[in-house]
Amino acid sequence: MAIHSNLISLLFLATTITILTISPRPTSAATRRPQFNVVRFGARPDGRTDSTRAFLTAWTRACGSRVRVIMLVPKGRFLVRNMQFTGPCRNRSIFVRILGTIVAPNNIWTTGNSPHWIEFHRVDGVTISGGVLDGKGAALWACKKAGRSCPNGATTLSISNSQNVVVSRLTSLNSHMFHMVINFCHNVKLQGVRISAPGNSPNTDGIHVQFSTAVTIVSSKIATGDDCVSIGPGTANMLVDKVTCGPGHGISIGSLGKDVNEQGVQNVTVRSTTFVGTTNGFRIKAWGKPSNGFARNILFQHATMYNVQNPIFIDQRYCPNRNCADQVKKKKVTHFCCCVFFVTLNYFVVVITYNFAPYTYHQGSGVRVSDVTYQNIRGTSATQVAVNFDCSNRSPCRGIRLNNVRLTYRNRAAVASCRNAGGTAYGFVQPRSCL
């Protein structure tokens with residue numbers, strides 16, 4: 001009986017081992033996806049061979065698949081020219097996995113005459129993950145600084161007319177112009193991105209968003225020569241969270257009001273940010289001329305400033321090149337002098353006219369700025385004026401709120417300046433509010 005019982009136990013154990021041996025191993029969803037490796041289509045990871053055609057072929061195959069797929073860029077350096085990855089695709093889940101570095105050509109004219117170096121256009125459900133994009137922008141900056149004939153330069157990564165896009169753990173280096181642009185999109189998330197360019201590199205905005213809704217930028221570090229994040233016309237329902245900025249020009253809404261008929265910016269939250277040695281912290285900038293644009297329902301919250309020149313700034317006289325002839329008007333002043341001469345019962349009237357030199361006056365921005373809250377902002381200002389609301393007499397700022405603001409200048413109290421601005425301050429506010 002004992003032998004029979006032991007035999008049954010051995011048979012059960014053997015059966016269990018067999019089942020475990022032949023059972024398939026669990027695999028991740030990404031592992032099960034078909035992969036289109038750019039090397040299979042002729043790309044060379046040597047940093048010298050033009051791999052543009054191979055990348056576009058891999059995209060065409062991935063975009064044409066009916067199932068979820070991976071477009072793989074393996075380790076190595078891949079040289080490519082301007083590329084546009086166009087949809088709509090047959091599937092709504094393409095994972096572009098970049099393990100290596102994609103580099104632009106050394107010749108600035110090769111890519112610089114196009115507005116975009118790498119563009120995703122009319123896509124839905126694309127994730128771009130990892131890797132490095134090296135725009136090789138230094139040669140173009142030097143060309144512009146020397147005043148030579150140069151191309152305009154290209155944006156490194158542009159996402160346009162698209163939806164449900166994720167950019168994750170991607171690094172962008174030394175873009176010609178803007179590093180990343182989100183244009184006419186819905187539901188785009190950028191998380192864990194790293195952007196790097198020298199503080200004196202011209203027009204190298206980190207991330208620019210315009211004409212888009214439901215854009216989120218989280219847990220990212222941006223160092224560049226222009227705005228770390230710029231939020232342009234037509235942007236709504238946007239969140240910026242846990243972003244470190246510096247060097248750069250800060251986080252800006254605008255510029256707005258360059259055109260008379262222009263969409264506004266609304267429902268924007270910027271929170272848990274850090275600024276290190278930047279030109280500005282939180283800035284709203286508008287051209288000083290007529291416009292029907294607006295910026296409203298804006299929340300700047302939980303920020304730390306380290307030696308920032310303009311920590312809190314609304315500038316409705318924005319003029320980046322100090323040559324804004326369209327922001328002023330010339331008007332002639334005419335003086336009249338009437339002289340009356342009596343001759344017996346008749347008289348003559350002589351009118352003498354003097355025309356003096358024309359003078360100029362500022363038109364004032366038409367952009368309406370309202371319902372802007374600054375909450376829990378602390379740190380140090382590099383200038384004495386830490387809070388500057390320079391608003392328009394044509395469209396004064398309304399509904400500005402300061403709550404728990406603590407900004408100092410050289411270990412002393414800083415100063416606030418207000419022009420055509422109305423609002424309230426509550427909680428501890430330093431410098432003393434001028435609203």
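Predicted model: local features only at pLDDT ≥ 70, side-chain atom pairs only at ≥ 80, totals over all residues.
Local features need pLDDT of at least 70, side-chain atom pairs count only at pLDDT 80 or more, and totals for chains, interfaces and linings use all residues.

The protein has five helices and 35 strands; here helices (H or I, at least four residues) and strands (E, at least two) are DSSP runs numbered from the N terminus. Of its 435 residues, 47% are buried, where buried means under 20% relative accessible area, exposed means over 50%, and partly exposed lies in between, with a 1.4 Å probe and protein chains only. Taking contacts (heavy atoms within 4.5 Å) between residues at least 6 apart in sequence, 74% join residues at least 24 apart.

Back in the loop between β20 (236-245) and β21 lies H249, which UniProt lists under "active site" in an unreviewed entry. UniProt positions are given in the numbering used here, feature names are shortened, and such annotations may be inferred rather than shown by experiment. H249 counts as partly exposed because its relative accessibility is 24%. Not counting residues up to four places away in sequence, H249 touches G225, D226, D227, T279, N280 and R283. The H249 side chain also reaches the backbone oxygen of G225 at 3.3 Å, a polar contact in the sense of a pair of N or O atoms within 3.5 Å; within protein, one must be able to donate a hydrogen and the other to accept it, and residues adjacent in sequence count only if both atoms are side-chain atoms.

Most residues other than glycine have a negative phi, and most peptide bonds are trans. The bond joining G246 and P247 is cis, with omega about 0 degrees. The peptide bond from G87 to P88 is also cis, with omega near 0 degrees, and P88 lies in the loop between β5 and β6. N161 has a positive phi near 50 degrees; this residue belongs to the loop between β11 and β12 (163-168) and counts as partly exposed because its relative accessibility is 42%. D371, not a glycine, has a positive phi of about 55 degrees. D371 is placed in strand β30 (residues 368-381) and is partly exposed at 36% relative accessible area.

Grid points are joined across faces, edges and corners, and a volume is the space filled by probe spheres set on the points. The largest pocket has a volume of about 1,200 Å³. It is lined by 42 residues, with N203, S255, K285, Y318 and P320 closest to its centre. Strands giving at least two lining residues each include β21 (251-256), β23 (280-287) and β25 (310-318). By class, this lining comprises twelve nonpolar, 19 polar and eleven charged residues, with Ala, Val, Leu, Ile, Met, Phe, Trp, Tyr, Cys and Pro taken as nonpolar, Asp, Glu, Lys and Arg as charged, and the others, Gly among them, as polar.

Two cavities of 30 Å³ or more turn up in the whole structure. The largest cavity has a volume of about 90 Å³. Its lining has 14 residues, and V96, I98, I102, I118 and F120 lie nearest the centre. Two or more lining residues come from each of β3 (69-73), β5 (83-86), β6 (94-98) and β8 (116-121). That lining divides into 14 nonpolar, no polar and no charged residues. The second largest cavity, of about 30 Å³, is lined by A104, T111, W117, G135, A154, T156 and H176.

Finally, C143 lies in helix α5 (residues 138-145) and counts as buried because its relative accessibility is 3%. Leaving aside neighbours within four places in sequence, C143 is in contact with I108, R148, S149 and C150.

Conventions
Residues numbered from 1 in each chain as written. Heavy atoms only, no water. 1 Å grid on protein atoms, 1.4 Å probe; cavity = no way out; pocket = protein on both sides within 12 Å on 5 of 7 lines; lining within 4 Å.
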